[in-house]
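Subject: Structure handover

Hi,

Here is the structure for your set-up work. My notes follow below it.

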Amino acid sequence: MKISDAMVSAINDQIKAEFDSAYIYLAMSAYFEAEGLSGMSHWMTKQHKEEIEHAEKFISYLYRRGARVIIPEIARPRENYTDALEVFRTAYAHEQYITSRIYKLVDMAAAEKDYATQSMLQWFVDEQTEEEDNTGGIVSKLEFFGGDKHGVYVVDRELSAR
Ligand SMILES: [Fe+2]
Ligand SMILES: [Fe+2]
């Protein structure tokens with residue numbers, strides 16, 4: 001069955017959203033490195049690479065469906081933050097936003113009875129649960145320490161192990 005033009009366009013938009021995510025996390029990695037928080041920087045570098053893999057998953061899916069992939073322009077990400085807590089709160093809110101986008105794609109695939117796309121998207125539904133759990137968990141830890149430097153140090157060391 002041929003994939004619809006609307007679905008191809010929506011997946012191309014999501015490819016851009018994944019590359020934008022990658023860039024946001026790369027900028028967060030650069031911020032942490034500049035702040036001397038190498039564990040958090042390392043964690044964000046891994047996150048950056050994962051987002052590129054997400055974009056690549058959507059790209060190879062469109063290839064398999066014989067659809068045209070449009071390589072997007074990537075938005076310039078925010079450079080500076082107040083502190084580590086603000087960074088992870090931003091990352092958590094961003095993952096919630098990405099989840100809402102994935103759910104909309106699922107709704108669209110269901111409405112079109114595009115079972116192949118629904119099946120492909122299931123991986124992303126599960127992945128977003130992980131992403132929200134991971135980023136939300138780090139926010140909770142930093143909040144637990146009340147944003148003090150000792151807490152940031154402890155979490156930085158923990159994140160270096162990713
Ligand atoms: Fe992603
Ligand atoms: Fe993500």
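The angles run from 0 to 180 degrees between N-to-C directions, and the axes are lines fitted to C-alpha atoms, for helices over the stretch in contact.

Now the ground rules. This is a predicted model, where local features need pLDDT of at least 70 and side-chain atom pairs count only at pLDDT 80 or more, while totals for chains, interfaces and linings use all residues. Residues are numbered from 1 along each chain as its sequence is written, chains are lettered from A and ligands numbered from 1 in the order written, and side-chain values use heavy atoms, with hydrogens and water left out.

**Overall**

The protein has five helices and zero strands. Both kinds of element are DSSP runs, numbered from the N terminus: helices are H or I with at least four residues, strands are E with at least two. The order from the N terminus is α-α-α-α-α. Along the principal axes, the C-alpha atoms fill a box of roughly 55 × 25 × 25 Å. Of the 162 residues, 44% are buried. Buried means under 20% relative accessible area, exposed over 50%, partly exposed in between, with a 1.4 Å probe and protein chains only.

**Helix pairs**

Helix 2 and helix 5 (residues 149–159) have axes that come within 7 Å and cross at roughly 45°. Helix 2 and helix 5 are therefore oblique to each other. The crossing of helix 2 past helix 5 is left-handed. That word applies if the near helix is turned anticlockwise from the far one by less than a right angle; clockwise is right-handed.

Helix 1 (residues 5–34) and helix 2 (residues 38–64) come within 8 Å, axis to axis, and cross at roughly 165°. That makes the two roughly antiparallel. Helix 1 also passes helix 2 in a left-handed crossing. Their contact holds 18 nonpolar, 10 polar and three charged residues. Here Ala, Val, Leu, Ile, Met, Phe, Trp, Tyr, Cys and Pro count as nonpolar, Asp, Glu, Lys and Arg as charged, and the others, Gly among them, as polar.

**Iron sites**

Donors are N, O and S atoms within 2.8 Å of the metal (3.2 Å for Na, K and Ca); water is not among the atoms, so sites may look incomplete.

Glutamate 18 sits in helix 1 and glutamate 51 in helix 2, so the pair ties together parts 33 residues apart in sequence. Glutamate 18 and glutamate 51 are buried.

The iron ion (ligand 2) lies 3.3 Å from the iron ion (ligand 1), and glutamate 51 coordinates both. Glutamate 51 is in helix 2 and glutamate 131 in helix 4 (residues 115–144), so this pair links parts 80 residues apart in sequence. Glutamate 131 is buried too.

**One more residue**

Threonine 135 lies in helix 4. Threonine 135 is buried, with a relative accessible area of 0%. From threonine 135 to threonine 117 is 18 residues in sequence and 27 Å in space, C-alpha to C-alpha.

Best wishes

Notes: Parallel < 35°, antiparallel > 145°, perpendicular 65-115°, else oblique.
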